[in-house]
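User: I would like to learn how to read a model like this one, feature by feature. Please give the general idea first and then the case at hand.

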Amino acid sequence: MGAKPELRSRRLLLRRWRDDDRTPFAALNADPAVMEHFPATLSRQESDALVDRIEAGFDDRGWGLWAVEVPDAAAFVGFVGLNPATFEAPFTPAVEIGWRLAREHWGNGYATEGALAALGFGFDTLALDEIVSFTTHANTRSRQVMEKLHMQHDSADDFENPNVPEGDPSRPHVLYRLDRHDWQRNPARAAR
Ligand SMILES: CC(C)(COP(=O)(O)OP(=O)(O)OC[C@H]1O[C@@H](n2cnc3c(N)ncnc32)[C@H](O)[C@@H]1OP(=O)(O)O)[C@@H](O)C(=O)NCCC(=O)NCCS
């Protein structure tokens with residue numbers, strides 16, 4: 001498709017992945033603080049395989065989980081972007097918005113800023129009807145990003161994530177939704 005591969009926001013460049021990103025990405029995936037709400041940290045090999053899957057998605061579709069750079073400040077801080085949900089649930093098929101940043105880059109508003117650029121791309125360029133986001137009940141930081149984006153949580157949508165093993169405490173998830181109608185009048189959108 002003819003979609004632009006890069007997005008820009010006030011402070012960020014959301015771009016395709018480079019080989020140089022793999023070492024800092026493996027470091028953040030090995031950090032227990034970053035991976036607190038996932039079943040496990042990732043090995044270097046698992047982290048590289050994730051980059052390969054993300055890049056294959058860009059090759060197929062032209063969009064995905066963008067590598068996030070802060071030009072003139074940090075070459076790679078993590079990812080923010082859109083991803084088709086990889087499992088079946090009552091709300092799928094769906095496009096998910098997600099984020100994962102290195103610990104030292106939390107607390108700057110980068111996840112929310114990048115997510116607004118990704119939502120703009122999803123609704124305005126891809127013309128999606130809805131974008132969802134999901135995480136564990138306890139992942140307050142991620143839920144705060146969803147709430148700053150004015151995504152809506154209905155506990156009737158809460159679900160067990162089939163990608164997480166049964167019995168794992170991070171299997172029960174909350175679902176947040178944003179539809180294109182709400183995006184058009186979203187106060188966060190105007191503040192981009
Ligand atoms: C979830 C995650 C991306 C959130 O990162 P974050 O930096 O807290 O989120 P934001 O980008 O919205 O930044 C908000 C913080 O930046 C602060 N901030 C500083 N400057 C800011 C600015 N110019 N604009 C907006 N916020 C700013 C806010 O006050 C807020 O700080 P607080 O949390 O101490 O109140 C991060 O915690 C993470 O990578 N977690 C691990 C991976 C993960 O769980 N991902 C989600 C799985 S579903």
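Analyst: Start with the polar contact: a pair of N or O atoms within 3.5 Å; within protein, one must be able to donate a hydrogen and the other to accept it, and residues adjacent in sequence count only if both atoms are side-chain atoms. Here the side chains of Thr135 and Asn139 make such a contact, at 3.1 Å. This is a predicted model: local features need pLDDT of at least 70, side-chain atom pairs count only at pLDDT 80 or more, and totals for chains, interfaces and linings use all residues. Residues are numbered from 1 along each chain as its sequence is written, and side-chain values use heavy atoms, with hydrogens and water left out.

User: Where is Thr135 found, and is Thr135 buried or exposed?

Analyst: Helices (H or I, at least four residues) and strands (E, at least two) are DSSP runs, numbered from the N terminus. Thr135 belongs to strand β6. Buried means under 20% relative accessible area, exposed over 50%, and partly exposed in between, with a 1.4 Å probe and protein chains only. Thr135 has a relative accessibility of 7%, so it counts as buried.

User: Which residues is Thr135 in contact with, leaving aside its neighbours within four places in sequence?

Analyst: Contact means heavy atoms within 4.5 Å. With those neighbours set aside, Thr135 is in contact with Ser142, Arg143, Met146, Pro172, His173 and Val174. As for distance across the model, Thr135 and Arg44 are 91 residues apart in sequence and 23 Å apart in space, C-alpha to C-alpha.

User: How do I read Glu96 in the same terms?

Analyst: Glu96 lies in strand β5. Its relative accessibility is 16%, so Glu96 counts as buried. Leaving aside neighbours within four places in sequence, Glu96 is in contact with Gly81, Leu82 and Asn83, and also with Ile131, Val132, Ser133 and Phe134. Between the C-alpha atoms of Glu96 and Asp168, 72 residues apart in sequence, the separation is 22 Å.

User: How far apart are the end C-alpha atoms of α3, and what span should its residues give?

Analyst: The expected span of a helix is 1.5 Å times one less than its number of residues. For the 16 residues of α3 that comes to 22 Å, and the end C-alpha atoms are 22 Å apart, which agrees. Because 14 of the 16 residues are buried, α3 is largely enclosed by the rest of the structure.

User: What should I look for in the backbone angles?

Analyst: Most residues other than glycine have a negative phi, and most peptide bonds are trans. Just after α3, Ala127 takes a positive phi of about 55°. Ala127 lies in the loop between α3 (110-125) and β6 (130-136), and at 47% relative accessibility it counts as partly exposed. His150 has a positive phi near 60°; it is found in the loop between α4 (140-148) and β7 (152-153). At 35% relative accessibility, His150 also counts as partly exposed.

User: Which residues does the cis peptide bond join?

Analyst: The cis bond joins Thr92 and Pro93, with omega about 0°. Pro93 lies in the loop between β4 (74-84) and β5 (95-101).

User: Which residues come nearest to the ligand?

Analyst: A residue is near a molecule if one of its heavy atoms lies within 4 Å of it. Of the 20 residues around the ligand, Trp99, Leu101, Gly107, Ala111 and Thr112 come nearest. β5, α3, β6 and α4 each supply at least two residues of this shell, and α4 gives the most, with four.

User: What polar atoms lie by the oxygen atoms of the ligand?

Analyst: Gly107 has a backbone N or O atom 2.7 Å from a ligand oxygen, and Ala111 likewise has a backbone N or O atom at 2.7 Å from a ligand oxygen. A polar side-chain atom of Arg141 lies 3.0 Å from an oxygen atom of the ligand. The protein covers 71% of the 960 Å² of accessible area that the ligand has on its own, by the Shrake-Rupley method with a 1.4 Å probe.
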